[in-house]
Amino acid sequence: TPQHYNSGKTIQLLPLFLVPVVIGYNLPNAVGSLALSVELLSSIWAGNVTMWSDPALAALNPGLSLPNVPIRVLIRAGDSGATSIFTAALTKLSPRWSSSGFGSFSTQQGFAASRVNITLCKDDSTVAGTILSTPYSMGYLSLNVAVTRAVAFAQIRNQHGVSSSPAATAIETDMENVAFDGRFTADVIGLPGLNTYPILGLAYALIDNRSLALNCSNAATVTGFLKWILTDTSAHS
């Protein structure tokens, strides 16, 4: 937690890269990309919007034929980075979600049991596979898994009313708008850029300063690893 980190002066987080979380979906025979907003996502995951034909979905997707069938919602079965990023975006950017008391729903045992058309998934790979095999499903997962598994994912309308996707150029622009604090942490949800992608997290390297100060070999190894992961394209495959 931020409290633990700020009290642990021997521990240092070093930001490595932005992590977009996307909303994958399976909408058979769809022509064109699905558009969503954070507020609409909060309604879907809270159980207020349950059908693909809901007027709120239709309003954002006038060019799509949306069938009158239930949305099969996928959530992670336990705590995860993707869940943390997704629920943090809902909490910060959706008044409906922040006032609902759901918080991070993965820790609430009764959430899935209280809802029909919810499927629990072990990890991002399971989310991807379930989306691909389940028509009319929708779930959150990391961008790299969605791209690797060829899962269609939605454009998300940001707080400026602009529909955005986590393209490389957009993410680079987002990174330029990140304001780090004195300990190199930052809130990257709802960045100020007009085309910012709203559902973002930061991946960090966790460094124990004591091990580096007491052992030059450890320091050289860690420095070499960080240089590799930040500059060598083979580290990103």
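# Sheets, helices and cores in a predicted model

Helix α7, residues 124-133, lies across the strands β1 (11-25), β3, β4 and β5 (137-142), and runs at about 150° to β5. Another helix, α11, packs on the sheet as well, where α11 touches β1 and β8; the direction of α11 makes about 30° with that of β1. The model described here is a predicted one.

The sheet in question is open and has five strands in the order β4-β3-β5-β1-β8, with mixed pairing. At its edges stand β4 (118-121) and β8 (200-208); each has a single partner strand, so one side of each is left without a neighbour in the sheet. Direction ignored, neighbouring strands of this sheet are turned by 25° against each other on average. At the β4 end, strand β3 (residues 72-76) runs parallel to β4, and four bridges join the two. Within this part of the sheet, L74 stands opposite T119 in β4.

A second open sheet has three strands, ordered β2-β6-β7, again with mixed pairing. Its edge strands are β2 (35-37) and β7 (163-164), each of which pairs on one side only. Three bridges hold β2 and strand β6 (residues 155-157) in parallel pairing, and A35 stands opposite Q155 in β6. Helix α2 packs on this sheet: α2 touches β2 and β6, and its direction makes about 85° with that of β2.

In soluble globular proteins, nonpolar side chains tend to be buried together. Here the largest nonpolar core has 53 residues, and those with the most contacts inside it are I23, L36, W45 and I199. Helix α2 supplies the largest share of this core, six residues. For L36, the contacts beyond four places in sequence are I23, L41, I44, L57, L60, M138, A154, Q155, I156 and R157. Another core, of five residues, lies apart from the largest one; among its members are L16, I207, L226 and I229.

Which residues do ring pairs link into a cluster? They are W45, F86 and Y140. The structure holds four aromatic pairs. A pair of aromatic rings is described by the distance of the centres and the angle of the planes. For W45 and F86 the centres are 5.0 Å apart and the planes stand at 65°, so the pair is edge-to-face; the cut-off for that class is an angle over 60 degrees. This pair links distant parts of the chain, since W45 belongs to helix α2 (residues 38-46) and F86 to helix α4 (residues 81-93), 41 residues apart. W45 has 0% relative accessibility and therefore counts as buried. F86 is also buried, with a relative accessible area of 0%.

Another aromatic pair, F225 and W228, is tilted, with 5.9 Å from centre to centre and 40° between the planes. Because F225 and W228 are three residues apart in helix α11 (residues 216-231), about one helical turn separates them. Are these two residues buried or partly exposed? F225 has a relative accessibility of 43%, so F225 counts as partly exposed. W228 is partly exposed too, at a relative accessible area of 36%.

Helix α4, which holds F86, can be followed along its length. It has 13 residues and reaches 18 Å from its first C-alpha to its last, close to the 18 Å expected at 1.5 Å a residue. The buried residues in α4 include A82, T83, I85, F86, T87, A89 and L90. Leaving aside neighbours within four places in sequence, K92 is in contact with D187 and I189. K92 and G190 are 98 residues apart in sequence, while their C-alpha atoms are 8.0 Å apart in space.

Terms used: Residues are numbered from 1 along each chain as its sequence is written. This is a predicted model: local features need pLDDT of at least 70, side-chain atom pairs count only at pLDDT 80 or more; totals for chains, interfaces and linings use all residues. Side-chain values use heavy atoms; hydrogens and water are left out. Rings of Phe, Tyr and Trp (its six-membered ring) pair if their centres lie within 6.5 Å; planes under 30 degrees apart count as stacked, over 60 as edge-to-face and the rest as tilted. Buried means under 20% relative accessible area, exposed over 50%, partly exposed in between (1.4 Å probe, protein chains only). A nonpolar core is a set of buried Ala, Val, Leu, Ile, Met, Phe, Trp, Tyr and Cys residues joined through side-chain atoms within 4.5 Å. Contact means heavy atoms within 4.5 Å. Two strands pair if DSSP finds at least two bridges between them. Axes are lines fitted to C-alpha atoms, for helices over the stretch in contact, and angles run from 0 to 180 degrees between N-to-C directions. The expected span of a helix is 1.5 Å times one less than its number of residues.
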